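Open your viewer and get ready to click along. We will go from the whole chain to single side chains.

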Amino acid sequence: MAVRRNTEALRESEATLRAFFETEGLLASIVELRGDDARYLTANRALSRLYGHEDVSGLSIRDVQPPETAAAFLERLKMSQASGVPTSLERSTDAVGGVRWFTVTISPIVGSPPDAPRFATAALDITERKRAESQQQLLLLELNHRVKNTLAVVQSLAQQTFRGDQASPAARRAFDARLAAVAAAHHQLVRQDWRAASIGVLVADVVGPGCGASRDRFDIGGPEVMLPPRTAVSLALALHELCTNAVKYGALSNENGRVDVSWSLIGPSPDRLRLVWQESGGPPVKAPSTRGFGSRLIERALAAELEAPVELSFSPEGVRCVIETIFAQIPVSQA
């Protein structure tokens, strides 16, 4: 009777162990350490398949795992043997399908032979967590880069706007308006996870009320083009300066003038953009005797930033600005 109860208890214990071994997402094994090597006494299917085997039972650790991870694993077994307590670690391994990350716990089995100690191992796949952590780190680095770039833009705008330490009300208004143009570009980029900004939406956001003019005095048109961040911010500032100058001195300074903003993809490469700002119907235009901040930003800073030619002309019929740039366009389907 006692033998029968012991047999049933043993079967239940084995069933419980087997159920534990086959827990979803768990890689489990019993290993035996002998000298400088160890072998799997038993292992569940998840662990065996990780290394491309149907069953690793009876195989040496060195025959199953890559050399570097096998050496590190054996060292951990010896540490656990010396301390007599469980040890945990995070490790990566080259497995079928690529590199995988695991958190591994190694527990000495009490009562196993001193010359052949045994250990229970349990590992959980944390590859997705590691990928998320890596992505988070990349996002933090990217955020740091964006903040630095934005601060550099703001610093440059401040230096140019408040020349001579004269923070007059007009200068403050000009500075606020320029920051609003930068913010418009950033808003579009944030909506697209900072991958790209639609040139059509960007133009519509920057010109018109953004610079003190009515939107219905603009003719805006062109194909759908997704601009990378650097191009979008630079173009937003240039359009703001053109619009502000048109309100003060150009086609938008009277009641009849208009502005046409059009763009197209030109040349053999589909990533060469040509944008034209054309004013008409305003007072006769005269070329300025000196270049202000807006003109300098368009002709010098924008050209340098985009590494492309910028043509700003002051014909009597109206100011004309032609901007060409080559960039890696973001496909609409990905933005």
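The tour below moves from overall numbers to a sheet, a helix and a few side chains.

**Before you start**

This is a predicted model, in which local features need pLDDT of at least 70, side-chain atom pairs count only at pLDDT 80 or more, and totals for chains, interfaces and linings use all residues. Residues are numbered from 1 along each chain as its sequence is written, and side-chain values use heavy atoms, with hydrogens and water left out.

**Stop 1: the whole chain**

Colour by pLDDT, the predictor's confidence in each residue, from 0 to 100. The protein chain averages 79, and 74% of the residues score at least 70. Now select residues 331-335, where the pLDDT is below 50; beyond near neighbours in sequence, this stretch has eight contacts in the model (contact means heavy atoms within 4.5 Å). Where pLDDT is low, the predicted coordinates should not be read in detail.

Switch to cartoon view for nine helices and twelve strands. These are DSSP runs numbered from the N terminus: helices are H or I with at least four residues, strands are E with at least two. Of the 335 residues in the protein chain, 37% are buried, meaning under 20% relative accessible area with a 1.4 Å probe, protein chains only (exposed is over 50%, partly exposed in between).

**Stop 2**

Next, select 26-34, 37-43, 87-95, 98-108 and 118-125. In what order do the five strands form the open sheet? The order is β2-β1-β5-β4-β3, with antiparallel pairing; two strands pair if DSSP finds at least two bridges between them. β2 (37-43) and β3 (87-95) are the edge strands, each pairing on one side only. From one strand to the next, the twist averages 35° (axes are lines fitted to C-alpha atoms, for helices over the stretch in contact, and angles run from 0 to 180 degrees between N-to-C directions).

Zoom in on β3 and β4, which run antiparallel and are joined by nine bridges. Show T93 and its bridge partner R100 in β4, then T87 with its partner I106. On to β4 and β5, an antiparallel pair with seven bridges; here F102 stands opposite D125 in β5.

**Stop 3: the helix on the sheet**

Select residues 67-83, helix α4, which packs on the sheet and touches β1, β2, β3, β4 and β5. The direction of α4 makes about 165° with that of β3.

Within α4, click on L77. Is L77 buried or exposed? L77 counts as buried because its relative accessibility is 0%.

**Stop 4: rings**

Show K130 and W101. The charged end of K130 sits over the ring of W101, 4.6 Å from its centre; the test is NZ of Lys or CZ of Arg within 6 Å of the ring centre and within 35 degrees of the ring normal.

Finally, find the one aromatic pair in the whole structure. Rings of Phe, Tyr and Trp (its six-membered ring) pair if their centres lie within 6.5 Å; planes under 30 degrees apart count as stacked, over 60 as edge-to-face and the rest as tilted. The ring centres of F218 and W277 are 6.1 Å apart and their planes are at 65°, so the pair is edge-to-face. F218 lies in β7 (218-221) and W277 in β10 (272-280), 59 residues apart. F218 is buried at 7% relative accessible area, and W277 is buried at 0%.
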